[in-house]
Amino acid sequence: MTDSSSPGAATLRQAEAGGLDPIVDQIRKARVAERRRFRLIFVVTWTIVIGVVVGALFAAGKIDVGFLAKWYEYILGGVYITILVSVASIAVAVVFALFGALGRLSSVAPVYALATLYVSLVRGTPLIVQILFIYLALPQLIPATASIPVLLLGIFALAFNYGAYMTEIFRAGIQAIPRGQIEAAGALGMTGPQTMRRVILPQAIRIVIPAIGNDFIAMIKDSALVSIITVQELLWRAQRVGQSNFRSLETLLVAALVYWVLTIAFSIVQERLEKRMAESDRRI
């Protein structure tokens, strides 16, 4: 029997009467206020540092506002191509990664060997070398590829590279599915391909989505490399204007700022997506 005079009993009676609600509410408000204070300090710090750097550049006469006003629209016109290249490349890379992962998990020796060769070759050579090879050397091997637009060549080169790295991500996602689910699918009469399509892949894709998001953010920055094969994306336009007018500082700063804004924007989207997925997992 519980002693009604004990501290625990008093606390219980207070909680039942709703006496602790104001305390809990105060704690919640204090935490919210602390988070807001932290974010405010974060924003102010960024603003001060960026303002000091930009102000120093203007004070030193290194930035010509009139020049930027004349050319910024042309430079920003490459943002569309940058996003197009990034989105298309990551989509094709997912296909490469899926087949690469299935090959790496295959018990057929030639299939496993080809998938492993693909991953090893791509991960063992620089991306810029792969882009130049596809643009300059591939037409010598396959003359028909000389007529392919450089935009498609750039997308293929990026997808081919990222597909190899994402192969291991997909392989880990597939292997994360419990063995019991595969056995249960077999007990229901599903074939191997049906089990893969209906049971394993839907769950594996859900697992690897955060990693794909990280790779997409990296893809936005690496898309600048296709400028070396004359794809007229953001960096190509910035370099062209800067070099022809001997004002590379301004144009490269604009390009860097745009890449930065894009990565921040897509990072926020990815963070919210991960939170929603985590919340749905908790509900399940």
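Biologist: At what angle do helix α4 and α7 pack?

Modeller: Quick caveat: this is a predicted model, where local features need pLDDT of at least 70, side-chain atom pairs count only at pLDDT 80 or more, and totals for chains, interfaces and linings use all residues. Residues are numbered from 1 along each chain as its sequence is written, and side-chain values use heavy atoms, with hydrogens and water left out. Axes here are lines fitted to C-alpha atoms, for helices over the stretch in contact, and angles run from 0 to 180 degrees between N-to-C directions. For helix α4 (residues 79-104) and α7, the axes sit 5 Å apart and the angle is about 45 degrees.

Biologist: Which orientation class do α4 and α7 fall into?

Modeller: Angles under 35 degrees count as roughly parallel, over 145 as roughly antiparallel, 65 to 115 as roughly perpendicular and the rest as oblique. The α4 and α7 angle is about 45 degrees. That therefore makes α4 and α7 oblique to each other.

Biologist: And how many nonpolar residues are in the contact of α4 with α7?

Modeller: Ala, Val, Leu, Ile, Met, Phe, Trp, Tyr, Cys and Pro count as nonpolar, Asp, Glu, Lys and Arg as charged, and the others, Gly among them, as polar. By class, the contact has four polar and three charged residues, and the nonpolar ones number 23.

Biologist: Switching to charges, how many salt bridges does a search of the whole structure find?

Modeller: Side chains of opposite charge can pair when their charged atoms come close. The cut-off for a salt bridge is a side-chain nitrogen of Lys or Arg within 4 Å of a carboxyl oxygen of Asp or Glu. One of them joins D25 and R28 at 2.7 Å, N to O. The search of the whole structure finds six.

Biologist: What relative accessibility does E250 have?

Modeller: E250 meets R247 in a salt bridge, 2.2 Å from N to O. R247 counts as partly exposed at 26%. E250 counts as buried, because its relative accessibility is 2%.

Notes
Buried < 20%, exposed > 50% of the residue type's maximum accessible area, 1.4 Å probe, protein only. Helix = DSSP H or I, 4+ residues; strand = E, 2+ residues; numbered from the N terminus.
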